[in-house]
Structures are given as C-alpha cells and as structure tokens.
Amino acid sequence: MSMEEQLETALSVTRAKKTELMMEDLKSLQEKEKLLREENQFLASQMGQKTFLVTEGERGMSSENSSGNKIPETLPLLK
C-alpha cells in the first residue's frame, strides 16, 4: 500500500512539473509570436503594405505582381 501511495505521489509531482514546463514554453512561444507579428508589421510598412500574411488559398497563386517582381511571402502566424 505504501509503495502505491509513493508511486501516486511521484506521478502527481511529475505531472505538475510537466504542466509547469509546458506553460513556460507556451508563454515563450506567445512572446515569440508577438515579436514576429511586430516585425512583420514593421517590414510591411517599409514596403508600403499593411500586411503580407499569406493564406492557404493564396499559396497556390503566382507570387509575382503585375510588374514582374517577386512578392515576399511570410508564414501565417497563430491567432
């Protein structure tokens, strides 16, 4: 009986630590997303555009505009 309780306690501690680490990773990724969005807005404003987020449907379209220049493509970010 004591061994079972020890295992349950160890499992509980392990799960709590795993949850804590996952939450830290989530916060880190959210901050990274925020920084990437800000960088994307800054770069888009330098090019005279509001945003260059590309949706899945637009990926199949040609990436050249009417003047023949390549339009830079960025990956869509999580919302």
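**Helix H1 in context**

Tutor: The chain contains 2 helices and 0 strands, where helices (H or I, at least four residues) and strands (E, at least two) are DSSP runs numbered from the N terminus. This is a predicted model, in which local features need pLDDT of at least 70, side-chain atom pairs count only at pLDDT 80 or more, and totals for chains, interfaces and linings use all residues. Residues are numbered from 1 along each chain as its sequence is written, and side-chain values use heavy atoms, with hydrogens and water left out.

Helix H1 covers residues 2-46, 45 residues in total, and its first and last C-alpha atoms are 66 Å apart, close to the 66 Å expected at 1.5 Å a residue; the expected span is 1.5 Å times one less than the number of residues. UniProt, in an unreviewed entry, lists residues 19-46 as "coiled-coil region"; such annotations may be inferred rather than shown by experiment. In the model, residues 19-46 are 100% helix and 0% strand, with 41 Å between the end C-alpha atoms. Just after H1, Gly-48 adopts a positive phi of about 80°.

Within H1, Glu-33, Asn-40 and Ala-44 are buried (under 20% relative accessible area; exposed is over 50%, partly exposed in between, with a 1.4 Å probe and protein chains only). Glu-33 also forms a salt bridge with Arg-37, at 3.0 Å from N to O; the term requires a side-chain nitrogen of Lys or Arg within 4 Å of a carboxyl oxygen of Asp or Glu. Because Arg-37 and Glu-33 are 4 residues apart in helix H1, about one helical turn separates them. Arg-37 is partly exposed, at a relative accessible area of 30%. The whole structure has 1 salt bridge.

Across the chain, 6% of the 79 residues count as buried. Average pLDDT, the predictor's confidence in each residue from 0 to 100, is 79, and 61% of the residues score at least 70. Over residues 62-66, pLDDT stays under 50, and the model has 7 contacts there beyond four places in sequence, a contact being heavy atoms within 4.5 Å.
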